[in-house]
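Trainee: Before we look at any single feature, could you take me through this model in the order you would read it yourself?

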Amino acid sequence: MTDIARPIAPVPLSGGDGPASSGAVHTVALHFSDGVERVLQVAEGELVLDAAIAAGVGISHQCRSGSCTSCIARLTSGSAEMRSGSCSLLASEKAAGHRLLCLTEASGPASFTLPYGSTSIGAATEAQAFINTIEQLASDVVRLELELADGFWLDFKPGQFIQIKVPGSDAMRSYSIASTVADLPRIELLIRLLPDGLTSDWLRNRARPEDVVSLSGPYGSFFLRAAPATIPHLMVAGGTGLAPMLSMIDTLRARPGRKPKIVLSFGCATRDGLFHLEPLELRQHWMPSLETRISIDRGAPEDGVRVGNPVAAILDGPIDPASVAYLCGPPGMVSAARDALEAAGLSPENIFAEQFVAST
Ligand code: FES
């Protein structure tokens, strides 16, 4: 597999606007979850993310345009607002003080908390991979199994995503990894097929086993946190939002010692759209502390499949307020799940979310 090790095009990782003025300079403190504080001097009109990158501070980011939410942080004091324009933050997240640092300017001293440690975010790397398998799992879901070519490696945390360069275009598309680091060099992705999607068209019409794709990663601050096995884990997944949950569950399963109680609530729109039911059932056998609740929005209930949404299903039982929660799926589902779990007593700091938004 060494014969394909050729130079690859650089992945466009930049894109933020530069400093806009030479006026006042503001002190911005970044507080990481491991207790480390980094202090930046941010010029009036400069984006906080740009200042952090220039200072060599490891901040999760990817699109630098407000769409991926990788650079989310919470403003805890001071004044810092986001530039107007496209922003994928949920209304509830904004209300809770969250900001996207790639859009945020400071207008005075400010402090932010980051939902990860000061050394959690490593540099993304570029790699090439072969297609091992393209498998249709449901009416609109494909499992794409890649295998890194010789000479390439990509470490990641369970829950993070990679970008692949869609062959035949310059477009990059982001997909959460469904497999674990232990599975490397194999990488598994679950991809939702869209009627006019670029990746969907490639998968339907041109992608073949043994083809080579360029990718980069890992990205994102949505990953499994270190938590004692006594802390229950709640997971709410909509559609291909199941992918990062599989990576987290399999990572927890592989760890020695006591396993945490995990409730996974997984939902799809219709019965045709449901997938991975057998692998989920197997995981329940392998790890008795895992409980799965499967939902469809519409259709007739059947054995093991309830009608309703995955947010209602996660609430269908006692909720320990000390739980840690992971939410991944469409923005509406993520917002509803966050609201419901906060209302059930979970701390906002213990709720981690990734929204899936279709690229255009
Ligand atoms: S880097 Fe994507 S929203 Fe900020």
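Trainee: Which helices and strands are included in what covers the buried residues of H7?

Mentor: A word on the basis comes before the answer: this is a predicted model, in which local features need pLDDT of at least 70 and side-chain atom pairs count only at pLDDT 80 or more, while totals for chains, interfaces and linings use all residues. Residues are numbered from 1 along each chain as its sequence is written, and side-chain values use heavy atoms, with hydrogens and water left out. Helices (H or I, at least four residues) and strands (E, at least two) are DSSP runs numbered from the N terminus, and contact means heavy atoms within 4.5 Å. In this structure, the cover over the buried residues of H7 includes the helices H2 (91-95) and H6 (310-314), together with the strands S12, S16 (324-329) and S17 (351-355).

Trainee: Which residues of H7 are buried?

Mentor: Buried means under 20% relative accessible area, exposed means over 50%, and partly exposed lies in between (1.4 Å probe, protein chains only). In H7 the buried residues are Met 333, Val 334, Ser 335, Ala 337, Arg 338, Ala 340 and Leu 341. Just after this helix, Gly 345 takes a positive phi of about 110 degrees.

Trainee: What span should the 13 residues of H7 have?

Mentor: The expected span of a helix is 1.5 Å times one less than its number of residues. For H7 (residues 331-343) that gives 18 Å, and the end C-alpha atoms are 18 Å apart, which agrees. Helix H4 (residues 242-254) also has 13 residues, and its reach of 18 Å from first C-alpha to last is close to the 18 Å expected.

Trainee: How many residues of H4 are buried?

Mentor: H4 is mostly covered, with 11 of its 13 residues buried; the buried stretch includes Leu 242, Pro 244, Met 248 and Leu 252.

Trainee: How many helices and strands are there in the protein as a whole?

Mentor: The protein has seven helices and 17 strands. Its radius of gyration, which is taken over C-alpha atoms, is 20 Å, close to the 21 Å that the globule rule (2.2 Å times the number of residues to the power 0.38) gives for 360 residues, so the protein is as compact as a globular protein of that length. Along the principal axes, the C-alpha atoms fill a box of roughly 65 × 55 × 40 Å. Of the 360 residues, 50% count as buried, and among contacts between residues at least 6 apart in sequence, 69% join residues at least 24 apart.

Trainee: Where are the cis peptide bonds that you would check by their omega values?

Mentor: One joins Leu 184 and Pro 185, with omega of about 15 degrees, and Pro 185 is found in the loop between strand S9 (172-176) and strand S10 (186-192). Another joins Gly 217 and Pro 218, with omega of about 0 degrees, and in that case Pro 218 has its place in strand S11 (residues 212-219).

Trainee: Which residues have a positive phi although they are not glycine?

Mentor: Arg 64 is one of them, at about 55 degrees, in the loop between helix H1 (48-54) and strand S3 (72-82); at 15% relative accessibility, Arg 64 counts as buried. His 276 is another, at about 65 degrees, in the loop between strand S13 (262-268) and helix H5 (277-286), and His 276 counts as buried at 13% relative accessibility.
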